[in-house]
Amino acid sequence: MRFVVLRLVPHPDSPCRAVERIEVRIERRPAGRLALAYRLQGDLAKVRIPALRPPTFADDLWQGTCFEAFTRAQGPSYHEFNFSPSGEYAAYRFDAYRSGRTKLEEPLQVRTSTLAGDWVLECEIPAPEDAVLALSAVIEEAGGLAYWALRHAPGKPDFHHPDAFAMRLDEIRD
């Protein structure tokens, strides 16, 4: 199998009224890359989606609607990728859990579209063959932020937590 579709779940303490479902299609690409397509279903008129901007690096995207992917190979270091519906993105390397953050300079592309009434964000990231993946989304609604992930760690929402890394990429095979 060269791709897989996974479903994110809301954090138990997150308000979540507008979005009914978030699925992520993960597809292996050549040269150690992954294509990700986040698909939102629900009452999208109630989701705050920022206006389109030129693709550029921006910090703090998680303060509004944002889609995230984390990759970790061997050891404590990992990478974080953030994608805003605006077209802005961020990419970082961490030496260990939430420490030693370094900005990655690789430009990333974000594409958005609608498909059968659903909203879709597509992006591509580098990922080693043996990486473990954490997927997440922050959805801004009128009532605040809702936190979605493939797997939530115990306690408050924490996408960096080692327990959030739930998908082994070597499970996606040709």
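**Ser-86 is found in the loop between β5 and β6.** The model is a predicted one, with local features needing pLDDT of at least 70 and side-chain atom pairs counting only at pLDDT 80 or more, while totals for chains, interfaces and linings use all residues. Residue numbers run from 1 along each chain as its sequence is written, and side-chain values use heavy atoms, with hydrogens and water left out. Strand names follow DSSP runs (E, at least two residues; helices are H or I, at least four), numbered from the N terminus. Ser-86 counts as buried because its relative accessibility is 0% (buried is under 20% relative accessible area, exposed over 50%, partly exposed in between, with a 1.4 Å probe and protein chains only). Its side chain makes a polar contact with the side chain of Ser-84 at 2.9 Å; that term takes N or O atoms within 3.5 Å, within protein one able to donate a hydrogen and the other to accept it, and residues adjacent in sequence count only if both atoms are side-chain atoms. Skip the neighbours within four places in sequence, and Ser-86 is in contact (heavy atoms within 4.5 Å) with Pro-50, Ala-51, Leu-52 and Arg-53.

**Another serine, Ser-14, has its place in the loop between β1 (3-10) and β2 (19-29).** With a relative accessibility of 14%, Ser-14 goes down as buried. Its side chain reaches over to the backbone nitrogen of Tyr-147, at 2.9 Å. Tyr-147 turns up again in the list of contacts: once neighbours within four places in sequence are set aside, Ser-14 is in contact with Leu-145, Ala-146 and Tyr-147.

**Arg-33 and Glu-106 meet through their side chains in a salt bridge, 2.9 Å from N to O.** This pair ties together distant parts of the chain, 73 residues apart: Arg-33 sits in strand β3 (residues 33-42), and Glu-106 in the loop between β7 (102-103) and β8 (110-115). A salt bridge here is a side-chain nitrogen of Lys or Arg within 4 Å of a carboxyl oxygen of Asp or Glu, and the structure holds 14 of them. Glu-106 has a relative accessible area of 34%, so it is partly exposed.

**Arg-39 pairs up with Asp-118 in a salt bridge, the closest N and O atoms being 2.8 Å apart.** Distant parts of the chain are linked here too, with Arg-39 in strand β3 and Asp-118 in strand β9 (residues 118-126), 79 residues apart. The two ends fall in separate accessibility classes: Arg-39 counts as partly exposed at 25%, whereas Asp-118 counts as buried at 9%. Also in this view is Thr-114, found in strand β8, which at 63% relative accessibility is exposed. Thr-114 and Arg-39 are 75 residues apart in sequence, yet 9.0 Å apart in space, C-alpha to C-alpha.

**Asp-43 and Lys-46 form a salt bridge, 3.5 Å from N to O.** Asp-43 is partly exposed at 34% relative accessibility, and Lys-46 is exposed, its relative accessible area being 54%. Elsewhere, salt bridges that share partners join Arg-25, Glu-27, Arg-29, Arg-33, Glu-106 and Glu-124 into one network.

**The largest pocket has a volume of about 420 Å³.** Of the 17 residues lining it, Trp-62, Glu-68, Arg-98, Phe-159 and His-160 are the closest to its centre. For the record, a pocket is an open set of points on a 1 Å grid over the protein atoms alone where a 1.4 Å probe fits, with protein on both sides within 12 Å along at least five of seven lines, and lining residues have an atom within 4 Å of a point. Points are joined across faces, edges and corners, and the volume is the space filled by probe spheres set on them. β5 (78-83) and β6 (89-94) each supply at least two residues of the lining. By type, the lining divides into eight nonpolar, two polar and seven charged residues (Ala, Val, Leu, Ile, Met, Phe, Trp, Tyr, Cys and Pro are nonpolar, Asp, Glu, Lys and Arg charged, and the others, Gly among them, polar).

**Arg-98 has a phi near 55 degrees, a positive value in a residue other than glycine.** Its place is in the loop between β6 and β7, and at 46% relative accessibility Arg-98 counts as partly exposed. Ala-31 also has a positive phi, near 60 degrees, and is likewise a residue other than glycine. Look for Ala-31 in the loop between β2 and β3, where it counts as exposed at 77% relative accessibility.
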